[in-house]
Amino acid sequence: MIVTFTLLAIGLIMVYSASAIWAEHKFNDSFFFAKRQTLFAGVGVIAMFFIMNINYWTWRTWSKTFIIACFVLLILVLIPGIGNERNGSRSWIGVGAFSIQPSEFMKLAMIAFLAKYLSERQKLITSFKKGLVPSLGLAFVAFSMIMLQPDLGTGTVMMGTCVVMIFIAGARVSHFGFLGLLGVAGFVGLIASAPYRIQRITSFLDPWSDPQNSGFQIIQSLYAIGPGGLFGLGLGESRQKFFYLPEPQTDFIFAILSEELGFIGGSFILLLFALLLWRGIRIALGAPDLYGSFLAVGIIAMVAIQVMINIGVVTGLMPVTGITLPFLSYGGSSLTLMLMAIGVLLNISRYSRF
């Protein structure tokens, strides 16, 4: 809980620092994004404390209902007039800034459902047809629906989380090797089907080959991180947030944080996430039953994968894909979902044997 609140507090400060200039220019209110993020954080914290006091077995009972509801929302978001389109993706339902992203909640619903499935059928997981294929089948259907929006980042986090849970449950490495080849082929197909994804791959390999288009975000992100040095330029002193790095309060907030707080500040954030990961693993290992273990593993894997992808993109180690940094980036659905997930994890910890 301490780690979560520390990350949340730093996130609120950095959302204001990163967005103030852009918000003043666009909305004539430097606190525009900060006020909304504070509201989202308040709702998320209330949800976290509420869920923290609900026995985690409740999610086992209602997991099927939750995942069906999320599938319905994934269908509704694709309907013009119901789903809102932003930056080329139809991923939101709601009005303006107060909208939800169904794909974010599908991640948690999938974790709860898959934890139930694996805990009831763990002995079958070594079977390719009876264990592995059925457990990944539903996740693949959800992934396909998310890709219709399209939202490759969220879909990748969800699938990666499912793979980790299934591997921990005891699936054979040889089966993963076969599916891995199919996955690579499918991933290549997804990239080839959309020209902008091909541009992202080429810009990842050499962003300076197209500095004004596909390589722009990576270059501007590195221009933020580099000058930060060891101690940073100082809180609020970022240069890249002056309309160089597009909407720096979202996916690239770690770049602004590194510019203002330097290597020390960035390393402190990574240390906090590492501590959160360690505590999550401890909770999973000490859970009183298989369902609690798989549920905790799924939650902590979701956070870890999302952190690795976001920071990998920001530092130029991975191709650009739109995904938030947990607890730090601006975004209501993502922040609320993460705090709800931590609430579930905290409830499991009440029963864990440390």
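**Entry 1: Phe128**

I looked up Phe128 and found a relative accessibility of 25%, so Phe128 counts as partly exposed. The cut-off for buried is under 20%. The model I am reading is predicted. Phe128 sits in helix H5. I then asked which residues Phe128 is in contact with, leaving aside neighbours within four places in sequence. The list is Val133, Pro134, His175, Phe178 and Leu179.

**Entry 2: the whole protein**

I stepped back to the overall build. The protein has 12 helices and three strands. Its radius of gyration is 20 Å, and the globule rule gives 20 Å for 354 residues, so the protein is as compact as a globular protein of that length. Along the principal axes, the C-alpha atoms fill a box of roughly 55 × 45 × 45 Å.

I noted that 51% of the 354 residues are buried. The accessible surface comes to about 15,800 Å², and carbon and sulfur atoms account for 70% of that surface. For contacts between residues at least 6 apart in sequence, I read that 71% join residues at least 24 apart.

**Entry 3: aromatic rings**

How many aromatic pairs does the structure hold? I read 13 aromatic pairs.

I started with Tyr16 and Phe31. Their ring centres are 4.6 Å apart and their planes meet at 20°, so I wrote this pair down as stacked. The angle cut-off for stacked is under 30 degrees. Tyr16 belongs to helix H1 (residues 2-27), while Phe31 lies in the loop between H1 and helix H2 (32-52), and the two are 15 residues apart. Tyr16 is partly exposed, with a relative accessible area of 31%. Phe31 is also partly exposed, at 43%.

I went on to Tyr56 and Tyr291. The ring centres here are 6.2 Å apart and the planes are at 15°, so this pair is stacked. Tyr56 is in the loop between H2 and helix H3 (57-76), and Tyr291 is in helix H11 (residues 290-314). The two are 235 residues apart, and the pair links distant parts of the chain. Are Tyr56 and Tyr291 buried or exposed? Both are buried.

I also noted one aromatic cluster, formed by Phe27, Phe32, Phe33, Phe40 and Tyr330.

**Entry 4: the backbone**

I checked the peptide bond from Gln149 to Pro150 and found it cis, with omega near -10°. Pro150 is in the loop between helix H5 (128-147) and helix H6 (152-169).

I next looked up phi for two phenylalanines. Phe243 has a phi near 70°, which is a positive value in a residue other than glycine. Where is Phe243? Phe243 is in the loop between helix H9 (216-228) and H10. Its relative accessibility is 47%, so I noted Phe243 as partly exposed.

Phe327 has a positive phi of about 75°, although Phe327 is not a glycine. Its place is the loop between H11 and helix H12 (332-351). Why does Phe327 count as buried? Its relative accessibility is 2%, and the cut-off for buried is under 20%.

I turned to Ser221, which is in helix H9. At 0% relative accessibility, Ser221 counts as buried. I asked which residues Ser221 touches, not counting those up to four places away in sequence. They are Leu245, Phe252, Ala255 and Val314.

The relative accessible area of Ile281 is 40%, so I wrote down partly exposed. From Ile281 to Ser349 I noted 11 Å in space, C-alpha to C-alpha, and 68 residues in sequence.

Methods
Residues numbered from 1 in each chain as written. Predicted model: local features only at pLDDT ≥ 70, side-chain atom pairs only at ≥ 80, totals over all residues. Heavy atoms only, no water. Helix = DSSP H or I, 4+ residues; strand = E, 2+ residues; numbered from the N terminus. Rg over C-alpha atoms; globule rule 2.2 N^0.38 Å. Buried < 20%, exposed > 50% of the residue type's maximum accessible area, 1.4 Å probe, protein only. Contact = heavy atoms within 4.5 Å. Areas by Shrake-Rupley, 256 points an atom, 1.4 Å probe, with all protein chains shown as cover. Phe/Tyr/Trp six-rings, centres within 6.5 Å; stacked < 30°, edge-to-face > 60°.
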